[in-house]
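This report sets out the architecture of one protein model for computational work. The structure is shown first, and the description follows.

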Amino acid sequence: MPELPEVETTVRDLKKKIVGLRFKDVWADRPKSVRQAGGIKNLNQIVKNKKILKVWRRAKFIVIDIEGPNSLFVHQKISGHLLYGRWKFEKGRWLSIGNGPMKSDPKNQHIRILFNLNNGFQLVLADLRRFGKIVLANDDIIDKLPEIKNLGPEPLEISYADFKKLFPGKKGRLKQVLMDPYFIAGIGNIYSDEILWFAGLHPMSRVENLEKENIKKLYKHMQKVLVKAVELKGSSMDDYRTISGRKGNFQNYQHAYHKTGEPCDKKDGGIIARLKIGGRSAHFCPIHQKIK
Ligand SMILES: [Zn+2]
C-alpha cells in the first residue's frame with residue numbers, strides 16, 4: 001500500500017505533467033471503478049473540458065482540483081497507482097504505446113479508469129486488486145470527508161514542539177501507534193519499520209514508557225527516513241510505480257522491512273527478526289532495538 005513518500009512522489013510528478021491541461025473524457029472498465037452518483041456518465045459530464053488547477057495530497061489521498069466547484073478524490077488503496085502516458089484501445093483493453101515499463105511491467109497493466117487529456121496523453125488508475133477508486137467531491141467538503149477529517153498531523157510538516165504534545169495520554173505499542181493515521185498520517189508498514197530501526201526502538205515498546213530522548217530520536221528519524229524516501233521516489237517492493245511506470249528506489253535502501261534473517265546493517269551481530277503486532281508484521285533488530 002502506498003505510504004506518504006510514494007503518494008508525495010506521485011503528486012510532485014503529476015504537478016509537472018497535468019496542471020494546466022484539460023480533461024476530454026473518462027473511461028472506466030466497469031461502473032464500480034467509479035463509485036459515483038450518476039456513474040461514469042455523470043463524471044464524464046462534470047470533468048469534460050475542465051482545466052486541472054492543482055494537485056495536492058493529504059496523508060495517502062490525492063486530490064486533483066479542477067475548474068468549478070469539484071475535485072477528484074483519489075483512493076489508491078492497496079495496489080492502485082496513477083500513471084501518465086499514452087495508450088490505445090485494442091481488443092477490449094488499453095495497451096501502452098511504445099516500449100518500457102509501462103508495457104513490460106505487469107503492475108502497470110490493470111487499467112481501471114482512464115482520463116483523456118487535451119494534449120493527447122492520458123491519466124490512468126492502474127490497479128491489480130481493484131480496491132482503488134476515484135470519486136468527485138465538492139471543494140468545500142474535502143477537509144470534512146470521513147477519510148480526512150480526523151487524520152493526525154502530516155509527519156513532514158509537524159514541528160518537534162507539536163510532535164511531543166501527541167504523546168501524553170497516548171497508549172499502545174510503538175509500531176501500531178506510528179501506523180495509526182489518527183495519531184500521525186501517512187506512515188504504514190514499511191516506514192514504521194525503518195524509522196524504528198534508525199531510532200533504536202523496539203516495535204513492541206509501549207509509547208507511554210518512552211523517555212524524552214526517545215521521542216526526540218523518533219521525530220528526527222521519522223523526518224529523515226521520509227525525506228530520503230521521497231528523494232528516492234518511494235519504495236516499489238509491492239505494487240507502487242511512479243507515474244511513468246518506473247520503480248522507486250527506496251527498496252534498495254531498506255534496513256528492516258522484509259529483511260528477516262539478514263544481518264543487521266549496523267553490524268552489531270543482530271539478525272533481523274519478524275513478529276506480528278495486531279495482524280501486521282514488524283521487522284527489527286533484536287540487538288540494537290530495545291524494548292521500552
Ligand atoms: Zn542492529
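The sections below treat the basis of the model, the metal site, the sheets and the helices.

## Basis of the model

This is a predicted model, in which local features need pLDDT of at least 70 and side-chain atom pairs count only at pLDDT 80 or more, while totals for chains, interfaces and linings use all residues. Residues are numbered from 1 along each chain as its sequence is written, and side-chain values use heavy atoms, with hydrogens and water left out.

## Zinc site

The zinc ion has as protein donors Cys264 (SG), Asp268 (OD), Cys285 (SG) and His288 (ND1), at 2.0 to 2.3 Å. Donors are N, O and S atoms within 2.8 Å of the metal (3.2 Å for Na, K and Ca); water is not among the atoms, so sites may look incomplete. Along the chain, the spacing of the donors is C-x3-D-x16-C-x2-H.

The arrangement is tetrahedral because the four donor atoms subtend angles of 98 to 123° around the zinc ion; the criterion for four donors is that all angles lie between 85 and 135 degrees. Cys285 and His288 are both buried, a term that denotes under 20% relative accessible area (1.4 Å probe, protein chains only).

Helices (H or I, at least four residues) and strands (E, at least two) are DSSP runs, numbered from the N terminus. Two strands pair if DSSP finds at least two bridges between them.

Strand 5 and strand 9 (residues 122-126) run antiparallel and are joined by five bridges. Tyr84 stands opposite Leu123 in strand 9.

## Sheet 2-3-4-10

Another open sheet of four strands has the order 2-3-4-10, also with antiparallel pairing. Strand 2 (52-58) and strand 10 (133-138) are its edge strands, each pairing on one side only. The twist from one strand to the next averages 25°.

Six bridges connect strand 4 (residues 70-75) with strand 10 in the antiparallel sense, and Asn70 has Asn138 in strand 10 as its bridge partner. Helix 1 packs on this sheet, touching strand 2 and strand 3 (61-66), and its direction makes about 170° with that of strand 2. Helix 2 (residues 39-47) also packs on the sheet, where it touches strand 3, strand 4 and strand 10.

Helix 7 (residues 212-231) reaches 29 Å from its first C-alpha to its last, close to the 28 Å expected for its 20 residues at 1.5 Å a residue; the expected span is 1.5 Å times one less than the number of residues. Its buried residues include Ile215, Leu218, Met222 and Ala229. Helix 1, helix 4 (160-164), helix 5 (174-178) and helix 6 (189-199) are among the elements covering the buried residues of helix 7. Lys233, whose phi is positive, near 65°, follows helix 7.

Val7 is located in helix 1 and is buried, with a relative accessible area of 0%. Beyond its neighbours within four places in sequence, Val7 is in contact (heavy atoms within 4.5 Å) with residues including Arg57, Phe61 and Gln76. Val7 and Ala229 lie 222 residues apart in sequence and 11 Å apart in space, C-alpha to C-alpha.

Notes. Four donors count as tetrahedral if all angles lie between 85 and 135 degrees; four count as square planar and six as octahedral if opposite donors are over 155 degrees apart and all others between 65 and 115; anything else is irregular. Buried means under 20% relative accessible area, exposed over 50%, partly exposed in between (1.4 Å probe, protein chains only). Axes are lines fitted to C-alpha atoms, for helices over the stretch in contact, and angles run from 0 to 180 degrees between N-to-C directions.
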